[in-house]
Amino acid sequence: MAGGSRREKKPRQYAVVGEWPYAVMDGFLPAQVGQAVARALAEAMERQDFSANSLAAASGVNRQVISNVLAGTVYPDLLTLVSLEGALGEMLWPRHLDWPVDENGVRQQPLPPQARREVP
């Protein structure tokens, strides 16, 4: 399987502390990117007052696929991302190469304000 055995787990299963999509994640970068996409999608939908049904109609992406991305149960593919970004008029893909590196040399996405308040 492409991506090795770590891809067998869903992105949300890499959450260490907190609630998806604002949880602190372990160092598996693909899961962190999946989380960042889910968070960006949820926030864009809220800003623009899109439901999963209305975004599905506007983007041509199945409503269940949108729900699965939001829930962190799938790794979104490129066709899905491009279609959602086109309908929303916003980038969803994170600038993950700009994320800071921790003391072990592992890239970690910065915590959003919501998650910073939840982590002890």
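Leaving aside its neighbours within four places in sequence, which residues is L84 in contact with? Contact here means heavy atoms within 4.5 Å. The partners are L41, L55, S59, V61, I66 and L92. Keep L84 in mind. We will meet it again.

A quick word on the model. This is a predicted model, where local features need pLDDT of at least 70, side-chain atom pairs count only at pLDDT 80 or more, and totals for chains, interfaces and linings use all residues. Residues are numbered from 1 along each chain as its sequence is written, and side-chain values use heavy atoms, with hydrogens and water left out.

Now the core. The largest nonpolar core has 18 residues. A nonpolar core is a set of buried Ala, Val, Leu, Ile, Met, Phe, Trp, Tyr and Cys residues joined through side-chain atoms within 4.5 Å. Buried means under 20% relative accessible area, exposed means over 50%, and partly exposed is in between (1.4 Å probe, protein chains only). L84 is among the residues with the most contacts inside this core, along with L41, M45, L55, I66, L88 and L92. The elements giving two or more residues are α1, α2 (52–59), α3 and α4. Helices are DSSP runs of H or I with at least four residues, strands are runs of E with at least two, and both are numbered from the N terminus. The largest share, seven residues, comes from α1. Another core lies apart from this one, with seven residues, among them Y14, F28, A31 and Y75.

Next, a helix pair. Two packed helices are described by the angle between their axes and the distance between the axes. Helix α1 covers residues 29–48 and helix α3 covers residues 63–71. Their axes come within 7 Å and cross at roughly 120 degrees. Axes are lines fitted to C-alpha atoms, for helices over the stretch in contact, and angles run from 0 to 180 degrees between N-to-C directions. So α1 and α3 are oblique to each other. For angles, under 35 degrees is roughly parallel, over 145 roughly antiparallel, 65 to 115 roughly perpendicular, and the rest oblique.

Who touches whom? On the α1 side we have V37, A38, L41, A42 and M45, and they meet I66, V69 and L70 in α3. By class, this contact has eight nonpolar, no polar and no charged residues. Nonpolar covers Ala, Val, Leu, Ile, Met, Phe, Trp, Tyr, Cys and Pro; charged covers Asp, Glu, Lys and Arg; the others, Gly among them, are polar.

On to charges. How many salt bridges does a search of the whole structure find? Two. A salt bridge is a side-chain nitrogen of Lys or Arg within 4 Å of a carboxyl oxygen of Asp or Glu. One joins R47 and E90, at 2.5 Å, N to O. This pair links distant parts of the chain, 43 residues apart: R47 is in helix α1, and E90 is in the loop between α4 (78–88) and α5 (113–118). R47 is exposed at 54%. E90 is partly exposed at 22%. D98 and R95 also pair, at 2.8 Å, N to O. R95 is exposed, at 64%.

Last, the backbone. Most residues other than glycine have a negative phi, and most peptide bonds are trans. Look at D49. Its phi is near 60 degrees, a positive value. D49 sits in the loop between α1 and α2 and is exposed, at 72%. Then look at W20 and P21. A cis peptide bond joins them, with omega about 0 degrees. P21 lies in the loop between β1 (15–17) and β2 (24–25).
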